[in-house]
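Work through the exercises below with the structure in view. Try each task before reading its solution.

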Amino acid sequence: MKKKALVSAIVTLALLFFAAFGQAVFADGDDYKADPDEIISSIDKESAKLIDRDALKNENFSDIGLGLVNSFISSMLEAFLENVLSLAAVIMVCCVISKIAETVRIKYIPEVLALSQAFLISAVSYGFLDGVLSQTQEYVTQTSSLMSSYGLIMSEIYLLGGNISRAAVSSAWLAFALEVSRRLCMGTLIPMIKICFCATLASFVSPSVNLRAIANFMRNIYVSVSVFFMTVLTVIMSFQSTLAGANDSIALRSVKFAASNTIPIIGGLVSESMRTLSSGISLMKSYSGTVCIICIIAVSVMPLAYVFGVKYAFSLGAGLADFVGASAVKGFLSDCGKLINYMIGLIVITDIYYIYFVSVFITSAGAIGG
């Protein structure tokens, strides 16, 4: 009895001490919001300009979305007009060269004119493709920078919420996904595009040498490998994140149970504080995750707009070549347009994966509130 009375007296004196000398602290919603500038600063300036900071701070996401759509359309039209005018001029010159080659009967002159036609259209087309490849490389670089920076914020929020295992799993899978994305683009896609362009050019210069089947085979292999890797990454990451979250929740429940039973009064206060902290952490995850998704889309706007603009320029150029009777030029431009589809696919698939990755983080339950 004396021991219980002594413990009760000590706890009572401690509570009176904290009540007399403690400082009251109140937290509103802004205290649990991550600074958007920390995330936006990890992307390039051109992409950052597309994000309305005032609308972001006021959580007016509809205005931000409309602004990004408007920027995409205007940039795509600009790229389309810039490229289609150059391509149309080259097609007309090639058409004139082709007509001259049909009328001239001097030895070797038709062959020389045909080669000059192929050189002219291939040089211009490769210039467009090289611009698209540069935009794709820049996209991969900027996305890697963004997700690497956000990975630190994500791990910090996970640890704050008691998700130690999930923080480790998410960081590992994010690093692995960034490496896979970089290799799929710079190590696989770009060499594949260049090889397929050379095969298409060889078939254009010499119709008897048909290498289109080889180019189609390489493209099909690339699509299969890309879809396989992204599917495997998504499935395994989802399962491991769920299992890691369950482990964290069980571990923290054990700690709370022990605290509540060994220290009855303080243990109950700790449990209530954890619920309050859990609500704040959920707000931090939702807000920072939304900002990250907006940044992912902003980084994709300019590269995707340019790629689509060049694709539609090739499509219109192929139609113009067919109209003026340059069937060989039409087939070459159509094949170049097909190559661009794979760069569009890479950007879209990568965006979908990272948005899904961030969505899993937003919707994950904190162990501290379990």
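The exercises go from the whole chain to single residues; the model is a predicted one.

**Exercise 1. The overall build**

Task: Find how many helices and strands the chain has, and what share of its residues is buried.

Solution: 
- Step 1. Count the elements. There are ten helices and zero strands.
- Step 2. The order is α-α-α-α-α-α-α-α-α-α.
- Step 3. Turn to burial. Of the 370 residues in the chain, 42% are buried.

**Exercise 2. The nonpolar core**

Task: Describe the largest nonpolar core and name the residues with the most contacts inside it.

Solution: 
- Step 1. Take the size. This core has 86 residues.
- Step 2. Name the residues with the most contacts inside it. They are Ile121, Met147, Leu333 and Ile340.
- Step 3. Trace the suppliers. Helices that each give at least two residues include α5 (61-103), α6 (109-160) and α10 (327-363).
- Step 4. Find the largest share. It comes from α9, with 19 residues.
- Step 5. Zoom in on Ile121. Beyond its neighbours within four places in sequence, Ile121 contacts Leu87, Val90, Cys94, Phe204, Val329, Phe332 and Leu333.

**Exercise 3. A serine in a loop**

Task: Decide whether Ser42 is buried or exposed, and list what it touches.

Solution: 
- Step 1. Locate Ser42. It sits in the loop between α2 and α3 (45-49).
- Step 2. Apply the cut-off. Ser42 has a relative accessible area of 9%. Buried means under 20%, so Ser42 is buried.
- Step 3. Look for a polar partner. A polar atom of the Ser42 side chain lies 2.6 Å from the backbone oxygen of Ile39.
- Step 4. List the contacts, leaving out residues up to four places away in sequence. Ser42 touches Gln142, Ser145, Leu146 and Ser149.

**Exercise 4. Aromatic rings**

Task: Classify the ring pair of Tyr353 and Phe357.

Solution: 
- Step 1. Start with the total. The whole structure holds seven aromatic pairs.
- Step 2. Take the geometry of this one. The ring centres of Tyr353 and Phe357 are 6.4 Å apart, with 35 degrees between the planes.
- Step 3. Compare with the limits. Stacked needs under 30 degrees and edge-to-face over 60, so this pair is tilted.
- Step 4. Place the residues. Both lie in helix α10, four residues apart, about one turn of the helix. Tyr353 and Phe357 are both buried.
- Step 5. Find a cluster elsewhere. Ring pairs link Phe72, Phe308 and Tyr312.

**Exercise 5. Salt bridges**

Task: Find which residues are linked in a network of salt bridges.

Solution: 
- Step 1. Count. There are two salt bridges.
- Step 2. Take the pair Arg182 and Glu179. Their closest N and O atoms are 2.7 Å apart. Both residues lie in helix α7, three residues apart.
- Step 3. Take the pair Glu179 and Arg183. Here the closest N and O atoms are 2.8 Å apart. These two are four residues apart in α7, so about one helical turn separates them.
- Step 4. Join the pairs. Glu179, Arg182 and Arg183 form a network.
- Step 5. Sort by accessibility. Glu179, at 29%, is partly exposed. Arg182, at 35%, is partly exposed. Arg183, at 53%, is exposed because the cut-off is over 50%.

Key: Residues are numbered from 1 along each chain as its sequence is written. This is a predicted model: local features need pLDDT of at least 70, side-chain atom pairs count only at pLDDT 80 or more; totals for chains, interfaces and linings use all residues. Side-chain values use heavy atoms; hydrogens and water are left out. A nonpolar core is a set of buried Ala, Val, Leu, Ile, Met, Phe, Trp, Tyr and Cys residues joined through side-chain atoms within 4.5 Å. Buried means under 20% relative accessible area, exposed over 50%, partly exposed in between (1.4 Å probe, protein chains only). Contact means heavy atoms within 4.5 Å. A polar contact is a pair of N or O atoms within 3.5 Å; within protein, one must be able to donate a hydrogen and the other to accept it, and residues adjacent in sequence count only if both atoms are side-chain atoms. Rings of Phe, Tyr and Trp (its six-membered ring) pair if their centres lie within 6.5 Å; planes under 30 degrees apart count as stacked, over 60 as edge-to-face and the rest as tilted. A salt bridge is a side-chain nitrogen of Lys or Arg within 4 Å of a carboxyl oxygen of Asp or Glu.
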